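Have the viewer open as you read.

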Amino acid sequence: MTQTTSQTGSERLANGLTAGIERSLEEPAADGSKAAAELIDVVGEIDDLLETIDFERLPDAIDASALPDLIESDRIPDAIRERNPDLALDFGSIRRVIVLRELWNAVDLVGFQRELRHLKRELEDVVGPDAFGSSGDSEAAAEIRNFVAEVKPDATNAALQQEAKKGAKTARKGVIDGHSKFEELYESTQRGSGYAGRRPVSKNPTAVSSVPYGPLPAGVSTRVSTVPANVRHAKVDALPRIYGRRWRSVADRP
């Protein structure tokens, strides 16, 4: 394969950023300050984009055992000789490397897409819109585009489920707060434990309430749930189940 002389989209973007930095250093003070401000905006947008990713969970989205399949080791000498890394890359197996469910759990898809659009606009101010004219004509770039197109329906579904999960989390917080207030009210009206605490308000001195003392019975049935932790066929993990004494533990969390 002969070495291509056309630049890929990433190369044009890198060259554009380099030119932008050089321009901010070489232009007069007023123009240089504007270019520097544009670069600062780019850095800010990159920071916002990274905040949409949970880097603690991101490693779970990569199947490390499948990573060697992305490289054709016998073609590395050709890639070095031709100065073309695409010769040694085989992204056709990227589907086995990416664990989609874990990826959806690690990335806020709606936020990522929004911040990516903001970043692109800021980059266009620095490098110009032509830097995004093409994503490259290499085989590796084509494989990446095919993979993105293939998982796009799943990503859309996962994004909808993420937004539903956010709404459920907000609603559940209100329920937890209400439960905590009810429990505090219940405890404040108790008259003590044991036999005295079970005596109802009655003119009959021998009357005893048959209702067990305390809002949360200590039986094992309130400590174990047979409800599945996750929803079948869901693209993202469900919120942790709350039952029995877990109400008190989640209410105590900051």
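## Salt bridges and their surroundings

Arg57 is partly exposed, at a relative accessible area of 28%. This is a predicted model, by the way, so that percentage is computed from predicted coordinates. What does the Arg57 side chain pair up with? Glu102: the two side chains form a salt bridge, at 3.8 Å from N to O. Glu102 sits in helix H5 while Arg57 is in the loop between helix H2 (29-50) and H3, so this pair ties together parts that are 45 residues apart in sequence. Glu102 is partly exposed too, with a relative accessible area of 21%. The pair also belongs to a network of salt bridges that links Arg57, Arg101, Glu102 and Asp237.

Across the whole structure, a search turns up eleven salt bridges. In general, side chains of opposite charge can pair when their charged atoms come close. Here are some of them, with the N to O distances:

| Salt bridge | N to O distance |
|---|---|
| Glu102 and Arg57 | 3.8 Å |
| Lys235 and Asp154 | 3.3 Å |
| Asp177 and Lys173 | 3.3 Å |

Take Lys235 and Asp154, which form a salt bridge with their closest N and O atoms 3.3 Å apart. Lys235 lies in the loop between H8 and helix H9 (246-252), and Asp154 in helix H7 (residues 139-188), so the pair ties together parts that are 81 residues apart in sequence. Lys235 counts as partly exposed at 21% relative accessibility, and Asp154 counts as partly exposed at 27%.

Asp177 and Lys173 pair up within helix H7, where they are four residues apart, or about one helical turn. Is Lys173 buried or exposed? With a relative accessibility of 53%, Lys173 counts as exposed, while Asp177, at 35%, counts as partly exposed.

Glu115 is in helix H6 (residues 109-127). Its relative accessibility is 11%, so Glu115 counts as buried, the cut-off being under 20%. Which residues does Glu115 touch, leaving aside neighbours within four places in sequence? They are Glu45, Asp48, Leu49 and Thr52.

Arg83 is found in the loop between helix H3 (76-82) and helix H4 (94-97). Arg83 has a positive phi of about 55°, although it is not a glycine. At 72% relative accessibility, Arg83 counts as exposed.

## The whole chain

The protein chain has nine helices and zero strands. Of its 254 residues, 26% count as buried. Among contacts between residues at least 6 apart in sequence, 71% join residues at least 24 apart. The accessible surface of the chain comes to about 17,200 Å², with 57% of that belonging to carbon and sulfur atoms.

The mean pLDDT of the protein chain is 75, and 64% of its residues reach 70 or more. Where is confidence highest, and where is it lowest? The highest is in helix H5 (residues 100-106), at 93, and the lowest in helix H8 (residues 194-197), at a mean of 46.

Two stretches to watch: pLDDT stays under 50 over residues 1-6, for which the model has seven contacts beyond four places in sequence. Over residues 192-197, pLDDT also stays under 50, and the model has five such contacts there. Where pLDDT is low, the predicted coordinates should not be read in detail.

Conventions
Residues are numbered from 1 along each chain as its sequence is written. This is a predicted model: local features need pLDDT of at least 70, side-chain atom pairs count only at pLDDT 80 or more; totals for chains, interfaces and linings use all residues. Side-chain values use heavy atoms; hydrogens and water are left out. Helices (H or I, at least four residues) and strands (E, at least two) are DSSP runs, numbered from the N terminus. Buried means under 20% relative accessible area, exposed over 50%, partly exposed in between (1.4 Å probe, protein chains only). Contact means heavy atoms within 4.5 Å. pLDDT is the predictor's confidence in each residue, from 0 to 100. Accessible areas come from the Shrake-Rupley method with a 1.4 Å probe; for residues, only the protein chains shown count as cover. A salt bridge is a side-chain nitrogen of Lys or Arg within 4 Å of a carboxyl oxygen of Asp or Glu.
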